[in-house]
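Try each task before you read its solution.

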Amino acid sequence: MKLLHNLTLITALTVFFCTPELAGCSTVSAEQKADRYKLIALPLEQTSSPIGKREPLPFRLRAPGSAEARIVDASDQLIRPAPANGTIFGFRASPNRQWVLLDLSNAAYVVASVDRLKDIARPPQRPHAPADATVIEWRILDDDRLIGYAELPSLEPTKGLTASEADGLPPRGTLVYIYTIATGAMSSVEIDESVPQPFSISDDSYGNLAIEPHSGLAAFGLKILQIPQP
C-alpha cells in the first residue's frame, strides 16, 4: 500500500513539474503539435484572385481608430462597441463571409461571426520565442486559417542615432505563423529561400495577400505549402 502511495505521488509530481522548457519533458506545446508549413514566393499575378462581386456585409465601422469606434447595422444600431479604453481599426471578411477578423487596439485581433459579431477565437499576440520578437500582425489566409508575421528588431548599434533613425533600422528578419481557428493551434512557417528577408505581409480588400520586401523590391505573391509530418 505504501509503495502504491509513493508511485502515485511521484506520478503527480512529474505531471505537475513537466513543462515544455524542461529537457526530456514529454509535454508538447500547441505550436509543436500543429501542422507544418512552408512559405514560398511567386510572381504576384500568379496568386491574385480575379476580382469578383461580393455581397456587402450587414454592418459597417464608424469612427475607426477613435475612442468612439463602433460597428453598426444598416439602421445604424450598435452591434459592437470599441473595447474599453481602446478602439477598432478595421476588419476583413473571410472568403465565405461567415466570419470577420477584427483589428483592435493593443495589438489584439478577434475572429468574430458575421451573425452579431460574436467572438469565435482570439489568435496569439506574440510568438512563443524569441523574446524580442514584435507582436504578430494577422491576415486572413482562407476560410479556416489566419496567417501572421512578426519581426525581429535590428541588432545594429543605435549609439549616435536619433529615436526616429533607430526606429527606421530594418528588422533582422521576419517570422511567419499560421493559426487554425477551429483548434486554436499556431504553427511556425518555414520560409523558403525564394522569399527576400525581411518582409511584411499585406492584403487588399479582395483578400489577396502579398509579400512586401523591406529592401524595396517589388511585391511578390505568396503560397503556403503543407509539409508532411515525419
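**Exercise 1: A strand pair**

In this predicted model, strand β1 (residues 36–42) and strand β15 (residues 220–227) run antiparallel and are joined by 7 bridges. Task: find which residue of β15 stands opposite leucine 39.

Solution: Follow the pairing to leucine 39, and the residue facing it in β15 is isoleucine 224.

**Exercise 2: The sheet around the pair**

Task: work out the order of the strands in the open sheet of 8 strands, and say which strands stand at the edges.

Solution: Step one is the order, which reads β9-β10-β11-β12-β1-β15-β14-β13, with mixed pairing. Step two is the edges: β9 (137–140) and β13 (199–203) each have a single partner strand, so one side of each has no neighbour in the sheet.

**Exercise 3: An aromatic pair**

Task: classify the ring pair formed by phenylalanine 59 and phenylalanine 91.

Solution: Begin with the total, which is 2 aromatic pairs when ring centres must lie within 6.5 Å. For phenylalanine 59 and phenylalanine 91, the centres are 5.5 Å apart and the planes stand at 65 degrees; angles over 60 count as edge-to-face, so this pair is edge-to-face. Next, place the residues: phenylalanine 59 is in strand β2 (residues 59–62) and phenylalanine 91 in strand β5 (residues 88–93), so the pair ties together parts 32 residues apart in sequence.

Terms used. Residues numbered from 1 in each chain as written. Predicted model: local features only at pLDDT ≥ 70, side-chain atom pairs only at ≥ 80, totals over all residues. Heavy atoms only, no water. Phe/Tyr/Trp six-rings, centres within 6.5 Å; stacked < 30°, edge-to-face > 60°. Helix = DSSP H or I, 4+ residues; strand = E, 2+ residues; numbered from the N terminus. Pairing = 2+ DSSP bridges.
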